[in-house]
Amino acid sequence: MNSKTISVGDVLIGGGNPVSIQSMTNTKTKDIEGTISQILRLEEAGCEIIRMAITDDEDVAAITKIKDGVNIPIIADIQFSQRLALKSVVNGIDALRINPGNIGNEQKVKEIVEECKKADIPIRIGVNSGSISQDILDEYNGVNVDSLVQSALREISVLEKYGFYNTKVSIKSSSVPLNIEANKKFRELTDYPLHLGVTEAGSGTRGIVKSSLGIGTLLNMGIGDTIRVSLSEDPVEEIKIAKSILQSLELRSFGVEIVSCPTCARTEIDLIGLAKQIESATEKMKYNIKIAVMGCVVNGPGESKEADYGVTGGKGVGIIFKKGEIVKKVNEEDIVRELLNLIEEDHKN
Ligand code: SF4
């Protein structure tokens, strides 16, 4: 089933719109200056929607100022307090993240729904392995695809009861296969946009691999409308990985993509050094191109025919090629400069 479109601020989610990138601040929200500065760093890295935890009145009071200091839409993440949810809407938040089941009673949920309708903002419901209610766990024999999906459907039905359909949903598990199957099943049953992520993915290589597989597998099946890579790291790292997942699946392009050969006994250059130099020289370039950095003159051009441009070098010379065809031989120290000149020349008009 295709997802329908909702909007968080000016970011359209679902309905075939580009898969957007989200993150969450880890500053104290009431630390207005610190939070704004973290959001601006995240924006600069490519974050398109940000979520902040709202835990008390001081956090709610900070919303207006934080919104004034940043450019991307903000979601208020609220656990139990209806009061904080209502105040966040009044203070101009762009979306709420609540679970109706945590708000206390349905009258309270109804009041939140009425405020969100008035402000025309969506609600994100988030279900994870730890948030499934006991009766669903009992009925479906513990944490599994069915209990996760039923849990999400129950939360949705509370909002629907009050005529609210401006909802997006996340179903997360720290188990990658469970994450994939639950989201797949949910997608078969409803058209609500899906926020993808792997919860408690961890840090370092393990966290990156789990997030990439959990999110990437679903995206490659056409499932998922907005993503958050959750890592126990600086959130800016999450954005880099999210962009890399989307670019690798050819869903979005974020400028220059550098690819390099795995190297072997034929490698004739300092491949890592050259790749890093090209990476930093093209970091701000907006052209959607792929540059291959290859380790040897003999096989390099042929092995990287899919790339728009490529370079390799050996014994004092550098070779620059385009779509696998050699265009220029240059001195080794001129490789980067000559490559940049060629790209700029090609993109003049
Ligand atoms: S391009 Fe050359 S150096 Fe790189 S893996 Fe292929 S054969 Fe080895």
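This is a predicted model: local features need pLDDT of at least 70, side-chain atom pairs count only at pLDDT 80 or more; totals for chains, interfaces and linings use all residues.
Residues are numbered from 1 along each chain as its sequence is written, and side-chain values use heavy atoms, with hydrogens and water left out.

Me: Which residues touch the most other members of the largest nonpolar core?
Reply: A nonpolar core is a set of buried Ala, Val, Leu, Ile, Met, Phe, Trp, Tyr and Cys residues joined through side-chain atoms within 4.5 Å. Buried means under 20% relative accessible area, exposed over 50%, and partly exposed in between (1.4 Å probe, protein chains only). The largest such core has 69 residues, and those touching the most other members are Leu96, Ile112 and Phe186.

Me: Which residues is Leu96 in contact with, leaving aside its neighbours within four places in sequence?
Reply: Contact means heavy atoms within 4.5 Å. With those neighbours left aside, the partners of Leu96 are Ile75, Ala76, Ile78, Ala85, Ser88, Val89, Ile112, Cys116, Pro122, Ile123 and Arg124.

Me: Are H2 and H3 roughly parallel or roughly antiparallel to each other?
Reply: Helices (H or I, at least four residues) are DSSP runs numbered from the N terminus. Axes are lines fitted to C-alpha atoms, for helices over the stretch in contact, and angles run from 0 to 180 degrees between N-to-C directions. Helix H2 (residues 57-69) packs on helix H3 (residues 82-90) at about 10°, with the axes 9 Å apart. Angles under 35 degrees count as roughly parallel, over 145 as roughly antiparallel, 65 to 115 as roughly perpendicular and the rest as oblique, so H2 and H3 are roughly parallel.

Me: How are H6 and H7 placed relative to each other, oblique or roughly parallel?
Reply: Helix H6 (residues 145-161) and helix H7 (residues 176-189) have axes that come within 9 Å and cross at roughly 45°. H6 and H7 are therefore oblique.

Me: How many nonpolar residues are in the contact of H6 with H7?
Reply: On the H6 side are Val145, Asp146, Leu148, Val149, Ala152, Leu153 and Ile156, which meet Leu178, Glu181, Ala182, Lys185, Phe186 and Leu189 of H7. Ala, Val, Leu, Ile, Met, Phe, Trp, Tyr, Cys and Pro count as nonpolar, Asp, Glu, Lys and Arg as charged, and the others, Gly among them, as polar. The contact has 3 charged residues, no polar ones, and nonpolar residues numbering 10.

Me: Is Arg337 buried or partly exposed?
Reply: Arg337 lies in helix H12 (residues 335-346). Its relative accessibility is 47%, so Arg337 counts as partly exposed.

Note on methods:
Helices (H or I, at least four residues) and strands (E, at least two) are DSSP runs, numbered from the N terminus.
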